[in-house]
Structures are given as structure tokens and as C-alpha cells.
Amino acid sequence: MPENNLKALRRMDFGYTLPYRTRWSDNDQYSHINNSIYYHLFDSIVNTYLIESCGQNPQKSPSIGLVVSSWCEFFAPISFPDILDLCLCVKKLGRSSVTYEIGVFKQGLDSPVAVGGYTHVFVDSQSRQSTAMSPAVRSGLEALLVTVTGKL
């Protein structure tokens, strides 16, 4: 769920960054990145972090995260061949759920072109029943948890 003043967020407000080189096919008929592509970017940074820092293996882990809500606010257009920095933090961490916030920045700029996020609920990979996240996943996500003061 978006908060006020998302446009004022800066790179330092996020704990993990992943570069992304836009592709020609990301552009739409208006010559800017299509809105749907932002959700691909969100999936890319979240799942890269879960695999690299939390030990998740999408094909073999006993639990997986399913998206139950998502949102995005747009502040400036971007287009191919822009190079982006996707920046990630955790806004809320529960027993079986996590809410992420993602800032999308043009490389070299400190103001976001978009901010969005989503909530994962971790479920058993077979039964799809809600389950507590593993200690490794929780530990990795805690490293990105933003405190009440807004700092990592």
C-alpha cells in the first residue's frame, strides 16, 4: 500500500540494488516503458534477492511466495535504451508474509521514476497452504527491513 511522499525516496532508503538494461521490446507505442513491464522489474529484483540472499530455489524450495497484492506509482517516463537501478527494501515482515517496496531509478539519478511494491504470502509449494517462512528467508528479509524511522 503506497505511502505519502514516495517521490521523495532516495537510493539510500533501500538496502539492495539490481541494475537493469531496458530492452527495445520494453517500449510501447508511446515510446516509453509500458506499465506492465514495471511488474516484470519488481519480480526480477524480488526473486533475484530471494535466490541470492535467502536461499530460495523456485523449483525445489518447500515454500514459495505468492503475490497477493501489488501497486505502482509513476513519476517520470523511461524508455529504451535507459539503464535502470532497481532498489528494494522490506516494509513489513510477518510470520508468513512480507511487503516489499521497490524504487525504480534511472542510473545516475537519485529521484525515483516509479515506486511500487507487493506482498508475498509464503505457502507450502505442494499444498499451497500458508506456512511460516524458513529461518533463512526470514533472516535475509530482515536485512532489508525498514524501521519505524524509515532507515534500514
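Select the whole protein chain and display its contacts (heavy atoms within 4.5 Å): of those with a separation of 6 or more, 72% are accounted for by residues 24 or more positions apart. The model is a predicted one, in which local features need pLDDT of at least 70, side-chain atom pairs count only at pLDDT 80 or more, and totals for chains, interfaces and linings use all residues. Residues are numbered from 1 along each chain as its sequence is written, and side-chain values use heavy atoms, with hydrogens and water left out.

Next, colour by secondary structure. Two helices and five strands are present, where helices (H or I, at least four residues) and strands (E, at least two) are DSSP runs numbered from the N terminus. Along the sequence their order is β-α-β-β-β-β-α. The radius of gyration, taken over C-alpha atoms, is 15 Å, close to the 15 Å that the globule rule (2.2 Å times the number of residues to the power 0.38) gives for 152 residues, so the protein chain is as compact as a globular protein of that length. Its C-alpha atoms fill a box of roughly 45 × 35 × 25 Å along the principal axes.

Now colour by burial. Buried residues (under 20% relative accessible area, with a 1.4 Å probe and protein chains only) make up 42% of the 152 residues.

Select Y38, L88, Y100, V104 and L141. These residues have the most contacts inside the largest nonpolar core, which has 32 residues; such a core is a set of buried Ala, Val, Leu, Ile, Met, Phe, Trp, Tyr and Cys residues joined through side-chain atoms within 4.5 Å. At least two residues of this core come from each of β1 (16–21), α1 (35–54), β3 (83–93), β4 (97–106), β5 (114–124) and α2 (135–142). Helix α1 gives the most, with nine residues.

Centre the view on V104. Leaving aside neighbours within four places in sequence, V104 is in contact with residues including Y38, F42, I78, L84 and P112. A second, separate core of nine residues can then be located through W71, C87, V115 and V146, which are among its members.

Finally, select F42, which lies in helix α1. Is F42 buried or exposed? F42 is buried, with a relative accessible area of 0%. Beyond its neighbours within four places in sequence, the contacts of F42 are W71, C72, I102, V104, G116, G117 and Y118. To end the tour, draw a C-alpha to C-alpha distance from F42 to C87: the two residues are 45 residues apart in sequence and 9.3 Å apart in space.

Key: Buried < 20%, exposed > 50% of the residue type's maximum accessible area, 1.4 Å probe, protein only.
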